[in-house]
Amino acid sequence: MRESISLILFLLLIHGALRSSSVTAGDFNGDYSKLSGIIIPGFASTQLRAWSILDCPYSPLDFNPLDLVWLDTTKLLSTVNCWLKCMLLDPYNQTDHPECKSRPDSGLSAITELDPGYITAEWNRPLSSVWKEWIKWCIEFGIEANAILAVPYDWRLSASKLEERDLYFHQLKCWLKLEIAPKKYIQWLDEHVHAYFAVGAPLLGATETVKGSLFGFTFGLPVSEGTARLMFNSFGSSLWMMPFSKHCRADDMYQKHFSHRSRSSHQTYQCDEQEFRQNYSGWPTNIINIEIPSIPGMDAYPSASEIAQTNLSNMECGLPTQLSFSAREISDGTFFKAIEDYDPDSKRLLHQLQKLYHDDPVLNPLTPWDRPPLKNIFCIYGIDKKTEVGYFFAPSGKPYPDNWIMTDVIYEIEGSLVSRSGNLVEGNPGATSGDETVPYHSLSWCKNWLGPKVNITRAPQSEHEGSDIQVELNVQHHLDEDIVPNMTKSPRVKYITYYEDSESIPGRRTAVWELDKANHRNIVRSPVLMRELWLQMWHDIHPDAKSKFVTKAKRGPLRHEDCYWDYGKARCAWSNYCEYRYVFGDVHLGQSCRLRNSSADMLSHYV
């Protein structure tokens, strides 16, 4: 299933005490019970439940309090109009439909599986399963149940509305016991937050958001693009992920808060000179190329009755005007103003953009992130997948919400830009491509958090003995420039490239992990990602750890699931770590390959 339900994923690992730990023979058993974590799920990654009674005509399936709304595919398929009433928000004030309202579920169950029913379990597992595999890893490595805190939220709302309606950030502060004086924020963070992981984060936005606002983004659901567009544009959070320029910034409210300067009720949004010197706002190409009807009075979203009375062939009498818009022109509202006379959603989106983002006195997220003020930062994302970076649209002649048609798509792949038909396109392609959902330009922004000298290591993602490791030390890194390692890649091997800096900020570590061919929608379920994360945490809690980051010299099996049968050698692969040990219920040879009783020696290699 191509479409995504998860666009931005964060994990905070909190340590009340990263104390000394021990290794027990036979188990991967550092004292992980001392670790605790907070999981903040991504867009559309939290269950929503009905908080009202809605009678659905001509259907036995009604909505009652606590019934699953997002995502109940059975009700979606049978009573789509009722289901939409429980999902849609008023685009101007972000209130619920008069007949139905939904609220986020709570606890880990709200984020592990969106629809645990048989339908999605069979044909749409990526749509349903979100953090389930992650939680299983936590259980296997001994994390206590009460040590994992999920903080689900109504992902349809903007940040300001989340606080206004649900007091979400106030409750988050209470969960963190963050009732402290502003001068002690950094001290509190240093003492309580060990590491922050940004996984697949669109730090400069995502181009697919624009496609969703004009054409519709179905999330893999059995609905039309027009229906998906209606739903998407009613959510104030949709604009949160619009692409924006790295050269344009709002006021730094964090610095104002820490320096006790007065907060203004309106943030200024300014761009530096580089924005107007560079093409495409620093992105690979213009985000939107759209045709506007040139005949005065021609409506881009006629009603059904107008279609029946109008000969649309008159459009051929005048050539349409094609306009192009960069990321800055999308985030500052220029694009929506330009098509205001041709699209009814533009007025609503302009209202949301101004009220919920540019006029937000606390935070305008349409501005580049600086490095969070935490001790350890890990930015992790996939690369080298064919990713959409630009679109061509034209009027379709159909009524709203299907009034636009997507005529072409520009992709980034292997350092080039290509159209949907395969033709090369001029632009500014990056060194590689994104993760099939978020462009590389947005994912790799966190490389700016690295210092002037970076250590780079490239290793195979699969288990290895260290024969294909490449290392570059003290690589020069210039601010606002990408870091491209001078390393080779075998076409048959998937690599993970580590960019690590522990020197530029005393007492702070920053790392960027790039995983070849890792899909945005599946990266949080990637065994490679989870293996690397747990090894890093194992290294950090070990009392004898001497290096700043876990070694990359070798990777062996960590769990029974990592062992498998080597049919060529007629034995379990990785015989130093795995052995054949049949347990009743095993149905094939690979299932009987398990870790040996003693794994202490293996773990010593990761200190």
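The side chain of aspartate 586 makes a polar contact with the side chain of arginine 594, at 2.9 Å. A polar contact is a pair of N or O atoms within 3.5 Å; within protein, one must be able to donate a hydrogen and the other to accept it, and residues adjacent in sequence count only if both atoms are side-chain atoms. This is a predicted model, in which local features need pLDDT of at least 70 and side-chain atom pairs count only at pLDDT 80 or more, while totals for chains, interfaces and linings use all residues. Residues are numbered from 1 along each chain as its sequence is written, and side-chain values use heavy atoms, with hydrogens and water left out.

Aspartate 586 lies in the loop between β22 and β23. Helices (H or I, at least four residues) and strands (E, at least two) are DSSP runs, numbered from the N terminus. The side chain of aspartate 586 also reaches the backbone nitrogen of valine 583, at 3.0 Å. Contacts, defined as heavy atoms within 4.5 Å, link aspartate 586 to Arg581, Gln591, Ser592 and Arg594, not counting residues up to four places away in sequence. Aspartate 586 counts as buried because its relative accessibility is 14%. The classes are buried (under 20% relative accessible area), exposed (over 50%) and partly exposed (in between), with a 1.4 Å probe and protein chains only.

Leucine 589 is found in the loop between β22 (578-580) and β23 (593-595). Its relative accessibility is 32%, so leucine 589 counts as partly exposed.

Arginine 521 is placed between β19 (509-516) and α19 (527-541). It counts as buried because its relative accessibility is 9%. The side chain of arginine 521 makes a polar contact with the side chain of glutamate 208, at 3.2 Å.

Helix α11 (residues 225-234) has eight of its ten residues buried, so it is largely enclosed by the rest of the structure. Among them are Arg229, Met231 and Phe232. The buried residues of α11 pack against α2 (80-87), α10 (208-214), α17 (345-358) and β14.

Strand β14 (residues 404-413) is itself mostly covered, with seven of its ten residues buried. Two strands pair if DSSP finds at least two bridges between them. Strand β13 (residues 387-395) pairs with β14 in the antiparallel sense over eight bridges. Here glutamate 388 has tyrosine 411 of β14 as its bridge partner. β14 also pairs with β15 (residues 416-419), in the antiparallel sense over four bridges. The partner of tyrosine 411 in β15 is valine 418. β14 and β15 form a hairpin with two residues between them. Glutamate 414 in the turn has a positive phi of about 55°.

The protein chain has 20 helices and 23 strands. Buried residues make up 55% of its 607 residues.
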